[in-house]
Amino acid sequence: MRVSDRHGTVRLALIVLLTGLLIATAAPSAARPEDPGRIDTGTYTSGVLTYTYEAFVPDDLPADPALVVMIHGCKTTAEQQRRANLLDPIARRAGFVVLYVDGSPLHLLQQRCWSGLLTPALESRTSGDAAAIAAMTRLAIERYHVDADRVYALGMSSGAYETTLLGAYYPDLFAAVGVHSGAAFDHGALGCVGPYLPTVPTEQLAAQALSAEGPYRRVMPVIGFHGDADPAVPYECGRQVIEQWRQTDNLQLPPHEIPPQPTSTLEGVADVPEGHSYTVETWQQRESTCPTLQLWTIHGMEHYWSGGSADPDAAEFTDPRGPNAARAAWDFFTHIRRTDTGFRCE
């Protein structure tokens, strides 16, 4: 069953947001001349709501490129997210398009938070922010002649709450998803904003995600990032993301195909001055050549995008001392191609 106190969820989230616990991003910095490409902008109207978006398109875009959909966090715009997370330089070098989606004017009343954080019960395959983001994604696929089996979603903070919804509602659209400082499918703010309060069993969320996938259900690869000192979205919620998807994926696989314990663990230190140490846990299916699930724990990092811009204007949003989350996410995505039953490693 779902958490019944929906109004309490919204009240708690708004209190937290108004006290500034979810950290805002910084003002845009200057364009980077070493990253040639153009920025396309557009709008999408759904009912009475009009959403905006912008896309980074490399100058030397290959035929049938991949697409990464980047979803910002609270108190953040698409442009600010683009300036801060340094995904564009990777897109230029690797030759893929990045779509940065933005909310409707309604989101200004919600501190620019997506509904996946505040009111996940209002989201579905045909309604809410999830449906609007999926529609903008399809527009980008058509406009840039994207390889439809190489479309990925990546979210930060409230955008990460939204990304877990996209993975379940649209497994036919997204080959894999990335969740940075977010929570499991349909969890919402209650218990995963501020103090950790385990309000919903992981098994329940896993079953709900499988149900949301409907006839399109398939194994969904997921990469997660979370600082273990995050005061806004508890680290335990980031771990629950991976466990929820492990259980959801296993409901479609032979028993215990993806084991409870990681199949490999890597310890490292970000290769920057005073870099954070980190742990990468990987879960891999039998006979697979690429990960199905991966969790990056950044030790000592709070509620920031890991390894983002070192520009002082971005100091409130990014932690450049962390490993480069944009690069790690693309390294995870680039080997995954969607199939009707799961994915193929390349």
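This is a predicted model: local features need pLDDT of at least 70, side-chain atom pairs count only at pLDDT 80 or more; totals for chains, interfaces and linings use all residues.
1. Helix H9, which covers residues 325-333, makes the greatest contribution to the lining, with 3 residues.

2. Arginine 338: position and burial. Arginine 338 belongs to strand E13, which runs over residues 336-338. Its relative accessible area is 14%, and because buried means under 20%, arginine 338 counts as buried.

3. Arginine 338: partners. The side chain of arginine 338 forms a polar contact of 2.7 Å with the side chain of aspartate 149. A polar atom of the arginine 338 side chain also lies 3.4 Å from the backbone oxygen of aspartate 172. Beyond its neighbours within four places in sequence, arginine 338 is in contact with Ala148, Asp149, Pro171, Asp172, Leu173, Phe174, Ala175, Arg218 and Phe343.

4. Aspartate 172. This residue sits in the loop that connects helix H6 (158-169) with strand E6 (176-180). Is aspartate 172 buried or partly exposed? Its relative accessibility is 24%, so aspartate 172 is classed as partly exposed. The side chain of aspartate 172 makes a polar contact of 2.8 Å with the side chain of arginine 125. When neighbours within four places in sequence are set aside, the contacts of aspartate 172 are Arg125, Tyr216 and Arg338. Aspartate 172 and arginine 217 are separated by 45 residues in sequence, while their C-alpha atoms are 7.9 Å apart.

5. Glutamate 54. Strand E2, residues 49-58, contains glutamate 54. With a relative accessible area of 12%, glutamate 54 is buried. Which side chain makes a polar contact with the side chain of glutamate 54? The partner is arginine 82, at 2.7 Å. Not counting residues up to four places away in sequence, glutamate 54 touches Ile39, Asp40, Thr41, Ala78, Glu79, Arg82, Val98, Leu99 and Tyr100.

6. Helix H2. Arginine 82, the polar partner of glutamate 54, is among the buried residues of H2. This helix spans residues 78-85 and is mostly covered, with 7 of its 8 residues buried. Those residues are Ala78, Gln80, Gln81, Arg82, Arg83, Ala84 and Asn85. Leucine 86 follows H2 and has a positive phi, near 60 degrees.

7. Helix H5. Residues 128-143 form this helix of 16 residues. The distance from its first C-alpha to its last is 23 Å, close to the 22 Å expected at 1.5 Å a residue. The buried residues in H5 are Asp129, Ala130, Ala131, Ala132, Ile133, Ala134, Ala135, Met136, Thr137, Ala140 and Ile141. Histidine 145, which follows H5, has a positive phi, near 55 degrees.

8. Points to inspect together. Arginine 338 in turn has its 2.7 Å side-chain contact with aspartate 149.

How values were computed
Residues are numbered from 1 along each chain as its sequence is written. Side-chain values use heavy atoms; hydrogens and water are left out. Helices (H or I, at least four residues) and strands (E, at least two) are DSSP runs, numbered from the N terminus. Buried means under 20% relative accessible area, exposed over 50%, partly exposed in between (1.4 Å probe, protein chains only). A polar contact is a pair of N or O atoms within 3.5 Å; within protein, one must be able to donate a hydrogen and the other to accept it, and residues adjacent in sequence count only if both atoms are side-chain atoms. Contact means heavy atoms within 4.5 Å. The expected span of a helix is 1.5 Å times one less than its number of residues.
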